[in-house]
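Me: I have a structure open and would like to go through some parts of it with you. Could we begin with how the helices pack?

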Amino acid sequence: MNRILRISLAALVALAVTPARAADPISDNVVKIGVLTDMTGFYSDLAGAGSVLAVKMAVDDFGGKVAGKPIEVISADHQNKADIASNTARKWFDENQVDVAVDMVNSGTAMAVMPVAAEKKRITLLSGPATTAITGEKCTPYNIHYTYNNWALANGTGREVVNAGGKTWFFVTADYVFGKSLEDDTAAVVKAAGGKVLGSVRHPQSSSDFSSYLLQAQASGAQVIGMANAGADTINTIKQAKEFGITPKQTLAGLLVFISDVHSLGLDIAKGMYLTTAFYWDLDDQTRAWAKRFQNHPDNKKKAMPTMVQAGLYSAVTHYLNAVKAVGTDAADPVIAKMKATPVNDFFARGGVIGPDGLHRHDMYLAQVKAPADSKYPWDYYKIVKKIPAAEAFPSVEAQKCPLAVKK
Amino acid sequence: MQALFGQLLVGLINGSFYALLSLGLAIIFGLLNVVNFAHGALYMTGAFVAWMGLQYLGIPYWAALLLSPLAVGLLGAVIERTMLRRLYALDHLYGLLLTFGLTLIIEGLFHHQFGNSGNGYPVPELLQGGSNLGFMFLPRYRAWVVVVSIAVCILSWFVIERTRLGAYLRAGTENPRLLQAFGVNVPMMLTLTYGFGVALAGFAGVMAAPIYQVSPAMGSNLIIVVFAVVVIGGMGSIFGSIVTGLGLGLVEGLTKYLYPPAASTVVFVIMALVLLVRPAGLFGRQR
């Protein structure tokens with residue numbers, strides 16, 4: 001009898017001493033960042049291992065500790081599958097004490113993880129997915145869409161190319177949600193700027209041969225061929241457009257092109273193409289300094305320059321850690337409030353503001369790919385044609401129609 | 001009408017790739033009874049060998065056209081000698097599993113080394129440019145692909161169906177023991193057959209390098225369609241795979257023009273229909 005009493009007393013004491021999660025300023029005595037990205041698929045060169053490296057650099061630069069507790073980074077391959085992404089995130093939040101999930105290149109995976117994170121009150125920082133609805137009707141309270149979205153890409157390239165004289169357009173579009181939404185967004189911008197859309201053709205994702213579609217684009221006689229696709233599809237489109245003598249008679253407009261794509265194509269094939277980017281390594285001293293550290297990092301085996309996804313991720317994680325430091329806890333509510341209240345000022349964004357809808361509004365850049373003769377040193381690929389100020393580059397909070405932002 | 005001609009010609013170009021790849025598969029299946037899932041990976045290897053040769057050793061396209069299939073054929077011979085040989089007595093499924101595993105390993109290695117975006121391979125100088133046919137601009141390189149592929153296909157068909165060596169090969173699959181009794185080195189012949197089949201894949205890889213980005217995924221994008229071609233043509237029918245390859249290229253080209261979203265499925269719809277009506281394929285014999 002006595003023994004049972006003693007044991008139950010001990011159990012009671014233990015229960016009372018074990019603190020509830022919320023009461024601890026830093027949950028589980030560690031701030032854990034989970035990088036959920038595409039390690040082996042279409043997006044692995046523009047995110048993948050480089051994204052993990054960017055996060056590790058951000059943590060190292062922060063000193064490896066925040067509010068006196070260590071910062072840990074783990075990573076996983078979402079394989080571009082929504083179910084794998086959401087299951088991994090659920091496991092991270094439930095069993096692995098992950099406080100913030102980042103990257104999620106590919107909109108499908110991002111939109112699968114966001115509701116899980118919202119339910120578990122953990123933060124998601126997205127760099128890589130593009131769908132505009134992420135901070136529109138699908139917005140969640142603990143999410144930040146950091147680097148770019150379809151609206152910004154469409155708007156930058158669409159409007160500027162029309163203004164530069166490319167009035168008639170034909171779209172070569174990847175036949176899935178991302179491609180269609182990118183085409184729709186761009187077509188609207190082109191029309192609003194006084195241009196005309198002559199037609200479009202939808203191709204299945206990962207087609208290797210684009211000559212049929214390009215012949216249709218050629219037959220349309222449009223001045224500009226807008227490529228509403230990504231990754232290997234864009235690369236093969238550009239390559240074959242040159243082969244069939246379509247460029248330079250007709251101009252290509254890349255709606256989602258990364259520096260890794262241009263590097264892989266070579267300037268001779270990609271030259272003259274317009275694109276919109278959130279980051280270019282050779283913008284100024286600050287970007288150069290950071291990008292060179294990234295390039296020469298021992299973990300960066302291919303010595304590649306960072307893409308906008310990777311640069312944005314570094315900035316996003318640093319902004320998060322600063323917020324944790326400022327509020328002294330890693331609880332989602334105060335941290336996300338602090339992040340939204342603080343403007344972002346670093347090499348990636350100057351005066352970037354995160355809206356109540358979770359969209360990070362910052363300057364974007366319209367760039368044109370240089371001809372080989374104009375490229376003076378390795379990775380000298382872009383001529384920055386124009387800086388697009390944040391207010392023009394991204395949709396307003398009202399236009400996004402995020403239910404969270406409307407209530408306030 | 002003009003646009004239609006253009007699409008048909010483009011279809012023919014793609015069809016000649018299908019023919020070249022499915023030919024190798026058909027030879028390997030017809031003579032060795034192995035479903036060679038590694039075909040796509042070896043096609044990719046052929047393209048990469050050409051690219052690496054140019055990049056690191058300065059080997060030009062024309063030499064690569066010979067050296068790269070040789071290298072891939074040699075790799076194939078090693079695979080046959082060390083692994084595939086042990087599976088001949090077992091069910092087809094084991095050969096399929098082995099070659100599928102090899103595909104994952106080969107693609108994984110290239111992915112690890114070269115990343116995912118791939119590398120560009122320049123069109124050889126002699127074949128740059130093109131001519132205007134009135135209804136479309138035909139790049140010279142594409143014309144070259146069609147001519148060479150068809151020539152290689154016909155040559156392979158001739159060797160297997162009309163020469164003494166081909167007769168030995170066919171006899172070796174029907175009754176290897178009897179043939180061996182006549183003093184023919186059957187195991188060696190099987191090694192050479194597999195080597196030749198995959199060398200064709202390597203050859204197609206070099207042909208493809210200047211058109212598509214040389215990337216680790218280039219084989220897996222194509223291989224499923226090529227398998228459908230072999231099934232439609234009749235597993236193991238060499239003539240069937242050549243004709244079907246070209247024909248399906250044309251059908252696909254037509255679909256891309258009439259209803260693009262169906263372009264990736266039309267081949268499989270045809271496959272389902274053919275299997276319903278003729279389970280052995282268009283040119284296949286019931287075994």
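Me: Which hand does the crossing of H2(B) and H4(B) have?

Reply: In this predicted model, H2(B) and H4(B) cross in a left-handed manner.

Me: At what angle do the axes of H2 and H4 of chain B cross, and within what distance do they come?

Reply: The axes of helix H2 (residues 39–57) and helix H4 (residues 92–114) of chain B cross at roughly 30 degrees and come within 9 Å. Angles under 35 degrees count as roughly parallel, and H2(B) and H4(B) are therefore described as roughly parallel to each other.

Me: Which residues meet there?

Reply: H2(B) contributes Gly40(B), Ala41(B), Met44(B), Thr45(B) and Phe48(B). From H4(B) come Leu102(B), Thr103(B), Ile106(B), Glu107(B) and Phe110(B). By type, the residues of this contact of H2(B) with H4(B) are six nonpolar, three polar and one charged.

Me: And H9(B) with H11(B), at what angle do they pack?

Reply: Helix H9 (residues 218–233) and helix H11 (residues 266–277) of chain B pack at about 25 degrees, and their axes are 10 Å apart. H9(B) and H11(B) are therefore roughly parallel to each other. H9(B) passes H11(B) in a left-handed crossing.

Me: Which residues make that contact, and how do they divide by type?

Reply: On H9(B), the contact is made by Val225(B), Ala228(B), Val231(B) and Ile232(B). On H11(B), it is made by Val267(B), Phe268(B), Ile270(B), Met271(B) and Val274(B). The residues of the contact of H9(B) with H11(B) are nine nonpolar, with no polar and no charged ones.

Me: Now H10(B). How many of its residues are buried?

Reply: Of the 21 residues of H10(B), 15 are buried, so this helix is largely enclosed by the rest of the structure. Its length also fits expectation: at 1.5 Å a residue, the 21 residues of H10(B) (238–258) should span 30 Å, and the end C-alpha atoms are 30 Å apart.

Me: Changing topic: how many residues does each chain give to the contact between A and B?

Reply: Chain B gives 30 residues and chain A gives 32. On the side of chain B that touches chain A, the elements giving two or more residues are helix H1 (2–32), strand S2 (137–139), H9 and H10. H1(B) gives the most, with five residues. That side of chain B divides into 13 nonpolar residues, 16 polar and one charged.

Me: What about Pro204(A): where is it, and what is it in contact with?

Reply: Pro204(A) is in the loop between strand S8 (196–203) and helix H7 (211–220) of chain A. Apart from its neighbours within four places in sequence, Pro204(A) is in contact with Asp175(A), Pro261(B), Ala263(B) and Ser264(B). Pro204(A) counts as partly exposed, because it has 16 C-beta neighbours inside 10 Å.

Me: Last topic: which value does phi take in Gln79(A), and in Asp103(A)?

Reply: Gln79(A) is not a glycine, yet it has a positive phi of about 55 degrees. Asp103(A) is likewise a residue other than glycine, and its phi is positive, near 80 degrees.

Me: Where do they lie, and are they buried or partly exposed?

Reply: Gln79(A) lies in the loop between strand S3 (69–77) and helix H3 (82–95) of chain A. With 15 C-beta neighbours inside 10 Å, Gln79(A) counts as partly exposed. Asp103(A) lies in strand S4 (residues 100–103) of chain A. With 35 other C-beta atoms within 10 Å, Asp103(A) is buried.

Note on methods
Residues are numbered from 1 along each chain as its sequence is written. Chains are lettered from A and ligands numbered from 1 in the order in which they are written. This is a predicted model: local features need pLDDT of at least 70, side-chain atom pairs count only at pLDDT 80 or more; totals for chains, interfaces and linings use all residues. Axes are lines fitted to C-alpha atoms, for helices over the stretch in contact, and angles run from 0 to 180 degrees between N-to-C directions. Helices (H or I, at least four residues) and strands (E, at least two) are DSSP runs, numbered from the N terminus. Angles under 35 degrees count as roughly parallel, over 145 as roughly antiparallel, 65 to 115 as roughly perpendicular and the rest as oblique. A crossing is left-handed if the near helix is turned anticlockwise from the far one by less than a right angle, and right-handed if clockwise. Two residues are in contact if their C-beta atoms, placed from the backbone, lie within 7 Å. Ala, Val, Leu, Ile, Met, Phe, Trp, Tyr, Cys and Pro count as nonpolar, Asp, Glu, Lys and Arg as charged, and the others, Gly among them, as polar. The expected span of a helix is 1.5 Å times one less than its number of residues. A residue is buried if 20 or more other C-beta atoms lie within 10 Å of its own, exposed if 12 or fewer, and partly exposed in between; C-beta atoms are placed from the backbone.
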